[in-house]
Every structure is written in structure tokens, then in C-alpha cells.
Amino acid sequence: MDTVDLLDRALTQMGEVIAAIRPEQATLPTPCAGWDVQALVRHVIGQSLRNFLDSARGEMADWAAPPAELSPNWAAEYRAAAAPVLDVWRHADLERPVPVPGGAQAPLRSRADQQITELAMHTWDLARATDQPIDFDPDIAEYGLAWSRKMLRPEFRGPDKAFDLEVPVPADAPAYDRLAGWFGRDPSWKSPGPQN
């Protein structure tokens, strides 16, 4: 499976979900604990895409820097931020060694893998929070799940950690349910707020 093509599909899928969010849904909770819809969209547009661009260029992203503020038009802002990310990846040497945390090096491809995974998970978060019955691309989730099973170690999980404990999900469950469970979300999560 072509990594950049899959990243393109992941970016497109996220863009479709963001474009379908209605203004009155901004304050709904999401499965991403502690974040409402607006905060998660701000993270995706104002932080993740900024850092994805730095990472695609082989630079070290500053995840501690706060996300940029959002304009009222989330869909247009997302498209404007996603386009340069994809353009850099289309011209990148995926095998070029780049630094990773801990002082080691890995192929640049590993950063694309991380981006696909984050987009898959947060697309599910936002779609579930806003009750969007989208036809998820299972290849994106399967790819993200395969990569993250090698990367997400037990010491990263638990109280006050970046990730919750894994939620057990049947092996034959849909790809996004398995991805959600792996990242500590309940696949049956539903927003308690108004939907449609």
C-alpha cells in the first residue's frame, strides 16, 4: 500500500468530517477525554497539521507549542493547512533517516505512519462526537492499527499518561472499533449531547 496515497486518503477523510460539523456542535464532548469538538478541531488544524508539515520536512516538531487559534471557517482552514503537508510528502524521500526521540534515527516514512494513525483516530473521534454516519475507509484504520501496535508501549498508558488503557474489542470487530479500543476509547461511545 502506497504510504503517501494512504495519507492523502486520511487527510481527505478528516476534511470531510470537519466540513460536516455544524456550529452548534462545537461544544459537544468527544471520545478524546477532556476535549470538546472545537478543542479537538483546533488541535488537528492548529497543532497537528503544523507539526505534520515540520515532520514531513524532516524537522523535529514542537508538540509543546500551543495550537493556533481557529478561524470561523474550519473546513477552509483545514484545506489550507492540509494542502502543503501533502505536497511536501509527495516530494519526500521516505527512506531518508531522520532523528526520533531518544537520539536514534528512523526512516522519514515512520513520521507519515504516525500522521496516518493520528488522522484515523481523530477522524473517528470527531465523527462519533457529531454523529456523522460516514463510510470510514478501513484501510486507513488497519494501517494505523498495525503501526501503532508496534509503537504504543504499556508505559505510555494509564492515569496521567498520554493514552488510556486498552479497551478490549473482539478481533473480528470493524477496523475503527479495534483502533478506538487500542487507543483506549470505548467503540460504543456516544455523545450525551444533542446530535441532529
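Ala, Val, Leu, Ile, Met, Phe, Trp, Tyr, Cys and Pro count as nonpolar, Asp, Glu, Lys and Arg as charged, and the others, Gly among them, as polar.

The model is predicted: local features need pLDDT of at least 70, side-chain atom pairs count only at pLDDT 80 or more, and totals for chains, interfaces and linings use all residues. Residues are numbered from 1 along each chain as its sequence is written, and side-chain values use heavy atoms, without hydrogens and water.

Start with the second largest pocket. A pocket here is an open set of points on a 1 Å grid over the protein atoms alone, where a 1.4 Å probe fits, with protein on both sides within 12 Å along at least five of seven lines; lining residues have an atom within 4 Å of a point. This one holds about 200 Å³. Its lining includes Trp124, Arg128, Phe136 and Lys190.

Now the largest pocket. It holds about 1400 Å³. Of its 33 lining residues, Gln114, Glu118, Trp147, Ala162 and Phe163 are closest to the centre. Eighteen would be the nonpolar count to remember: the lining has 18 nonpolar, eight polar and seven charged residues.

Last, Tyr78. Is Tyr78 buried or exposed? Tyr78 counts as buried, because its relative accessibility is 3% (buried is under 20%, exposed over 50%, partly exposed in between, with a 1.4 Å probe and protein chains only). Beyond its neighbours within four places in sequence, Tyr78 is in contact (heavy atoms within 4.5 Å) with residues including Leu11, Met14, Val44 and Leu119. Glu16 is 62 residues from Tyr78 in sequence, yet 10.0 Å away in space, C-alpha to C-alpha.

Key
Points joined across faces, edges and corners; volume = space filled by probe spheres on them.
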